[in-house]
Amino acid sequence: MDFNDFYCFRLGAISRKMTRYYNNKLAPYGITIVQSWVLLFLSAQDGSSLKDIAGAIQLDSPVVTGLVDRLEKEGLVVRKEDPEDRRSLKISLTPRGREVVEEVVPAVVEYNQRIRSIIPENDAHAFERALEALEREL
């Protein structure tokens, strides 16, 4: 049996390779690729709730709580009580968190462009449609 005959295996293997690549790129900043998604989201939506972050990066809230715990420990984010709902917390970037975002964005953009360059322009729409269909199925 050749596992490469199974698209789910190949997609998983590619995903793990991409994660390793990004994690190596981001190691000098003390963050992982998943933590970078939290930071990138907050750079556009500062003061968001854990639920909003979880929805945007498609992870469960308990996982995001752990990510925010580690980012807070590194001094990249802070939790603040929501003045409108004291049971809720808002997550914001610190000045150091903003600096890290500014430094990592070029690496993320560059790699995304590399991925796009692999896909022939006339196949890009078909690739997008296939990704959307896979997401719908799952």
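This is a predicted model: local features need pLDDT of at least 70, side-chain atom pairs count only at pLDDT 80 or more; totals for chains, interfaces and linings use all residues.
Residues are numbered from 1 along each chain as its sequence is written, and side-chain values use heavy atoms, with hydrogens and water left out.

**View A. Packing of helix α2 against helix α4.** Helix α2 (residues 33-44) and helix α4 (residues 61-73) pack with their axes 10 Å apart and at an angle of about 85 degrees, and are therefore roughly perpendicular to each other (65 to 115 degrees). Val34, Gln35, Val38 and Leu39 of α2 meet Leu67, Val68, Arg70 and Leu71 of α4, where contact means heavy atoms within 4.5 Å. By class, this contact of α2 with α4 comprises six nonpolar residues, one polar residue and one charged residue.

View B. Ser49, which lies in the loop between α2 and α3 (50-57), counts as buried because its relative accessibility is 12% (buried means under 20% relative accessible area, with a 1.4 Å probe and protein chains only). The side chain of Ser49 reaches the backbone nitrogen of Asp52 at 3.0 Å, and, leaving aside neighbours within four places in sequence, Ser49 is in contact with Leu89 and Lys90.

**View C. Backbone at Gln58.** Gln58, in the loop between α3 and α4, has a positive phi of about 60 degrees although it is not a glycine. Most residues other than glycine have a negative phi. Gln58 is exposed, with a relative accessible area of 64% (exposed means over 50%).

Notes:
Axes are lines fitted to C-alpha atoms, for helices over the stretch in contact, and angles run from 0 to 180 degrees between N-to-C directions. Helices (H or I, at least four residues) and strands (E, at least two) are DSSP runs, numbered from the N terminus. Angles under 35 degrees count as roughly parallel, over 145 as roughly antiparallel, 65 to 115 as roughly perpendicular and the rest as oblique. Ala, Val, Leu, Ile, Met, Phe, Trp, Tyr, Cys and Pro count as nonpolar, Asp, Glu, Lys and Arg as charged, and the others, Gly among them, as polar. A polar contact is a pair of N or O atoms within 3.5 Å; within protein, one must be able to donate a hydrogen and the other to accept it, and residues adjacent in sequence count only if both atoms are side-chain atoms.
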